[in-house]
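Dear colleague,

I am passing on the structure that follows, together with some notes on what was found in it. Please read the notes with the model open beside you.

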Amino acid sequence: MTDPHALTGGCQCGAVRYRLHAIPTEPSICHCRMCQKAFGSFFAPLAGVPLDKFEVTRGKLSIFRSSDIVERGFCRDCGTPLSFRYLAKNRISVSIGSLDEPDRVKPLGQDGIEGRITYFDELASLPGDISTEDDEPELAATVRRSNHQHPDHDTAEWPPRL
């Protein structure tokens, strides 16, 4: 029976889906340069579970060994970063942003702060804007009609048959 409280997630295109059979621990963001490059971002948000509590439910993780002691899992089709794992540990971390409900896992710490981008603390005070729905409704409608992103929940098959 599927645990309704389990966390699920996956890549942007839906080729890889996973389920966590435990509450992830040690949620944090890592500012090290290796994580910045792996995520193409200012930091990597990660939280982990024991290996036996991680299940790939669709597809297969592609692996890149970013060092002799670390491997990173991603989707071969769309490139979404999905996991981080020290090879010597019985633990795997998933990218919090790849969870279907990322709000359920709040980072509690920061790692690799020596690599933190100098203006990182200023980002929350930047001017903000909404998505294109209100200011460019035709563009937003085109994006909705042509959206290839997998929804934030498990599906019986993907992509859907048309």
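I begin in the sheet, where strand β4 (residues 44-50) and strand β9 (residues 91-95) pair in the antiparallel sense over five bridges. Strands and helices are DSSP runs numbered from the N terminus, with at least two residues (E) for a strand and at least four (H or I) for a helix, and two strands pair if DSSP finds at least two bridges between them. Within this pair, Leu46 stands opposite Ser95 in β9, and Pro50 has Arg91 of β9 as its bridge partner.

Before going further, please note that this is a predicted model, in which local features need pLDDT of at least 70 and side-chain atom pairs count only at pLDDT 80 or more, while totals for chains, interfaces and linings use all residues. Residues are numbered from 1 along each chain as its sequence is written, and side-chain values use heavy atoms, with hydrogens and water left out.

Strand β4 also pairs with β3, to which four bridges join it in an antiparallel run, and here Ser28 stands opposite Leu46 in β4. Six of the seven residues of β4 are buried, so this strand is largely enclosed by the rest of the structure; buried means under 20% relative accessible area, exposed over 50%, and partly exposed in between, with a 1.4 Å probe and protein chains only. In strand β3 there is also Glu26, which has a positive phi of about 50° although it is not a glycine. Most residues other than glycine have a negative phi. Glu26 is exposed, with a relative accessible area of 59%.

The sheet as a whole is open and has seven strands in the order β6-β7-β8-β9-β4-β3-β10, with mixed pairing. Its edge strands are β6 and β10 (109-111), each of which pairs on one side only.

Four of the five residues of β7 (residues 70-74) are buried, so β7 is largely enclosed by the rest of the structure.

Finally, the largest pocket has a volume of about 440 Å³. A pocket here is an open set of points on a 1 Å grid over the protein atoms alone, where a 1.4 Å probe fits and there is protein on both sides within 12 Å along at least five of seven lines, and lining residues have an atom within 4 Å of a point; the volume is the space filled by probe spheres set on the points, which are joined across faces, edges and corners. Of the 24 lining residues, the closest to the centre are Leu46, Phe84, Tyr86, Ser93 and Asp111. The elements that give two or more residues to this lining are β3 (25-30), α1 (33-39), β4, β7, β8 and β9.

With best wishes
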